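Q: Hey, can you walk me through this structure? I'd like to go bit by bit.
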Amino acid sequence: MKLWDETIESYRPEARDMLEALAEAFPAAGGDLPEDPVARAQIQRQNMIDFEPEPSPMAVESTIPGPAGDIPVRLFEPEEPRAMFLHIHGGGWILGRPQMSDPANDHLANHHGLAVLSVDYRLAPEHPYPAGPDDCEAAAAWMLEHGPERWGTHKLFIGGESAGGHLAAATLLRVRDRLGAIDRVLGANLVFGWYDLRGTPSIFGNGGDPDILDPPGLQIMIESFTPGMTDAERRNPDVSPLFADLSGMPPCLVTVGAFDHLADDSYFFAVRMAAAESPVELAVYPDSPHGFMVFPSEMTKAHAKRLDAWISSLLS
């Protein structure tokens, strides 16, 4: 069973050349950071801002009501939206903010005509589970309620990367099970997400392949988001979407690099979706680490082309 075609195969030499530069630009967790999880996260958040792209001139800051007060959101609103897109940023549940995804969200709005809301959900360790998922659910509920009047559409995409992929999957399940609106979701774009918070085999060791993630850093993220939880508690489908009933889901595009420490999460999630007879595509990119789309490359272009085609097919 081949997980990629000959065109992707031909991009592997370039992908290998990119690994060293990628690792230098985004070093793994560690160094002289303080042991206190809150102080550590605050320093890492500030450092991460240095890597943010130029802000999109299209982006507008706003807020929506949330379970613990107003939630900051970043909006991208085309003149005639064809559908909505709830975007959830990554960062291991402890880092990141919507600005880091401005280029991708600008593209969704301008190329596909999607009204994008990128949610600035509460971060751990100050706000552990279920704060982040609750904010993302509130954002989905707000879009489903106000989208038809504000943007003239009742259809919604959900997507995110890394921890944002986890939160996108969890939100998708809440839209189905709590909001009763899964029929309004056109699809979910799940990019190198985290679906089993007990830890899949690749989290503990990916064969020594180069990656910007490492097991100690991943463990800090899990403990920050789910402090004190046992493995049995982390099997709760609302915590680990891999354990959910995955039937009756909308189309999902599950994307991951083969060198990613979270690769097994995507493999397992996609297979379980397929076994539940939910429509799913698994896109695997060889010789590619976590966050492989950071630098321009043929592999990155291939991912962008496949994502564009997938969105276009669902919009049509």
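Q: Let's start with Phe225. Is Phe225 buried or exposed?
A: Phe225 is buried, at a relative accessible area of 2%. Buried means under 20% relative accessible area, exposed means over 50%, and partly exposed is in between, with a 1.4 Å probe and protein chains only.

Q: Before I go on, what kind of model is this?
A: This is a predicted model, where local features need pLDDT of at least 70, side-chain atom pairs count only at pLDDT 80 or more, and totals for chains, interfaces and linings use all residues. Residues are numbered from 1 along each chain as its sequence is written, and side-chain values use heavy atoms, with hydrogens and water left out.

Q: OK. How many aromatic pairs does a search of the whole structure find?
A: The search turns up eight aromatic pairs. Rings of Phe, Tyr and Trp (its six-membered ring) pair if their centres lie within 6.5 Å; planes under 30 degrees apart count as stacked, over 60 as edge-to-face and the rest as tilted.

Q: What about the rings of Trp93 and Trp194?
A: Their centres are 4.4 Å apart and their planes sit at 25°, so that pair is stacked. Trp93 is in the loop between strand E3 (83-88) and helix H4 (102-112), while Trp194 is in the loop between strand E6 (185-191) and helix H7 (201-204), so the pair ties together parts that are 101 residues apart in sequence. The helices (H or I, at least four residues) and strands (E, at least two) are DSSP runs, numbered from the N terminus.

Q: Are those two buried or exposed?
A: Trp93 is buried, with a relative accessible area of 1%, and Trp194 is buried with 1% too.

Q: And what does Phe225 pair up with?
A: Tyr129: the ring centres are 6.0 Å apart and the planes are at 80°, so this pair is edge-to-face. Tyr129 lies in the loop between strand E4 (114-119) and H5, and Phe225 in helix H8 (residues 215-225), so parts 96 residues apart in sequence are tied together. Ring pairs link Trp93, Tyr129, Trp194 and Phe225 into a cluster.

Q: New topic: which residues does a cis peptide bond join, with omega about 5°?
A: Ala124 and Pro125. Pro125 is in the loop between E4 and H5. The bond from Tyr129 to Pro130 is cis as well, with omega near 10°, and Pro130 is in the loop between E4 and H5.

Q: Switching to helices. How do H5 and H6 cross?
A: The axes of H5 (residues 131-151) and H6 (residues 163-177) come within 9 Å and cross at roughly 55°. That makes H5 oblique to H6. Axes are lines fitted to C-alpha atoms, for helices over the stretch in contact, and angles run from 0 to 180 degrees between N-to-C directions. Under 35 degrees counts as roughly parallel, over 145 as roughly antiparallel, 65 to 115 as roughly perpendicular and the rest as oblique.

Q: Which residues of H6 make the contact?
A: Leu167, Thr171, Arg174 and Val175, and the H5 side includes Gly132, Pro133 and Leu144. Contact means heavy atoms within 4.5 Å.

Q: And how do H4 and H11 cross?
A: The axes of H4 and H11 (residues 298-315) come within 12 Å and cross at roughly 45°, so they're therefore oblique to each other. His107, Leu108, His111 and His112 in H4 meet Asp308, Ile311, Ser312 and Leu315 in H11.

Q: Which residues of H4 are buried?
A: Asp102, Asn105, Asp106, Leu108, Ala109 and His112. What covers them includes strand E2 (71-76), E3, E4 and H11.

Q: Last one: what follows H4?
A: Gly113, whose phi is positive, near 70°.
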